[in-house]
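Dear colleague,

I am handing over the structure below, and after it you will find some notes on what turned up. Please read them with the model open beside you.

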Amino acid sequence: MIRYSIVPESPAAHRFEVSLQLPASKGNAFELHMPAWIRGSYMVRDFARHILSLKGVCQGATVDLEKLDKQTWKLIAPCDGTLVVSYQVYAWDLSVRGAHLDVTHGYFNGPCVFLGVAGKDQEPCEVIIKRPAGERYTQWTLATTLPARHVDNQGFGRYVADNYEALLDHPVEMGLFQEAAFEVGGVPHRFVANTNQSFDLQRICADLKKICQTEVDLFGELPLSQYMFLLWVVGSGYGGLEHRDSTSLMIGRDSLPFKGMQKISSGYRRLLGLCSHEYFHLWNVKRIRPEVFNQQGTAREVHTRQLWVFEGVTSYYDELLLLRSGVIETKDYFEMLAEAVTRLHRAPGRFRQTLEESSFDAWTKFYKQDENAPNAIVSYYLKGALVALLLDLAIRLRSEGRLSLDRVMREFWHRFGKTDTGVTESAFEQLVEEVTGLNFSSEFDLWLRTTDELPLAEAFKEFGVELHLLPAKSHSDLGGVVDARPEIEGGKPVLGAKLEPRPSGLLLLQVFDGGAAQAAGLSAGDEIVAVDGLRMEQPALEAYLSQQPAESLVHVHVFRGDELMTFKVAPLPAPADTCWFFLSEDIDAAHLQRRTEWLSGHVDRG
Ligand code: ZN
């Protein structure tokens, strides 16, 4: 047994005090290590850099711990008795992946605070979590899914975990929060929101209950004894991280449902989508896992080509299941789908990186995006979700409605999740063919291992859905759903760049390959201060460009660093990259049936 204790020793200075205690005997060489990354977030974060003043004590006497590398320490002198290692952790990273402590709350993920002991990863662990000292903190409560052994009625006390990995997979939040409980399939679910803002807590719980139940129905069972949604509300921000029995979520204030809200807001729709996504992960990636994740720890990068299965398939279902659970309507679903298709078509990087490459290089590319990202990479979430959609539609079409991706996912769970068998790199493709009895090898090659455009419009057509790609009407046009078949129009002249307003002008955030700005020599980071001698904001600039005679040049004045420069730009027509869906009612019965079955999930007659 390895015994940890953690106390928010100095909330104002953002420091947790952590100690670990373990029995030692002469001749044992102990090595202690911190994870370099946290599961579910594929970037080396070097959590050890936040460790302060680490020291070891054996039977009351100080012992030396030699640092071997950025995250590993070794006990030099032998210790015969109890070894206690104590250290402080600086916690000022307000993200779902980090640790954060101030006078208003405390939060930590295990990989940020708990040292592991080499060779003892399988030993059970115990952790005592203490409340910070002082009058100010007496009302704080604690929320975690760590199994409790002996805790007070505010949740502070003794918790246990089967082993070190299990200890790392339960984030802990402490402070003052709003919470509610609901059940899914007899399993208690807890919704904890760290905010004092008033919102419709009952509405969220009612909606989540439906979403969770829809996911349980898809996989056929709920393999846990408790679940927690942990939510932080911030001015602006968005993110989630999945765990076996919980999820940490961060959303902007305007995503909360206010009391009396009638029509679902796009922000709340997004919040439900995020919850749906992370909950789906309790099966797909937490229990059904790539084999390499089982074989390798978190000391360094672990590469896999199948993140599209774990993030892409999850992203496909997160929104579709909102529709199937009845918390959104068909039009909402197609609006979200249209935005996804638009985002894909606005990334020239889809012609440079395949889906498998995107997955493999997540560590250095997707997670380290710079201004050139749209030209260089494709998201395995985004393209992966659209490939999952293509796969689902193809299975439905080719099996004449007998089978679907739902059937594959259920089998995926039974074969790999339930049995805790690692998923090898080719296992998902094999499983699809085995479950459906259909050959998808040329489709998988095309979707996963080439940069060819995805045949989305053709696939939708068989389901009575028309996909139209039109030029954007303005920078805020992300596509959507139309009530009548749209007219094809020429695109308005544009610069081919993403702009952001600044007090002194417009910052070029990204410059797209093949666009007018790039051809003229403008670069990301340039700040446009005037066009043809006039200062203008983005709507005025768009209007100005559309009024210029065809093929005329505009003079764009920018600061690059502290130098004023002028570029002659020939704006180009906006490309047809904005997705609009048209759901015709004037279709035959077969198409209508396919569409209805896909959206409702009522299939699997085989
Ligand atoms: Zn995810």
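The torsion about the S-S bond of Cys58 and Cys79 is about 90 degrees, so the disulfide (a pair of cysteine sulfur atoms within 2.5 Å) is right-handed. Cys58 lies in strand 4 and Cys79 in the loop between strand 7 (72-75) and strand 8 (81-90), so the pair ties together parts that are 21 residues apart in sequence; strands (E, at least two residues) and helices (H or I, at least four residues) are DSSP runs, numbered from the N terminus. Both Cys58 and Cys79 are buried, a word that stands for under 20% relative accessible area, with a 1.4 Å probe and protein chains only. Cys125, by contrast, is in no disulfide, and the nearest cysteine sulfur, that of Cys112, is 16 Å away.

Please keep in mind that this is a predicted model, in which local features need pLDDT of at least 70 and side-chain atom pairs count only at pLDDT 80 or more, while totals for chains, interfaces and linings use all residues. Residues are numbered from 1 along each chain as its sequence is written, and side-chain values use heavy atoms, with hydrogens and water left out.

Best wishes

Terms used:
Buried < 20%, exposed > 50% of the residue type's maximum accessible area, 1.4 Å probe, protein only.
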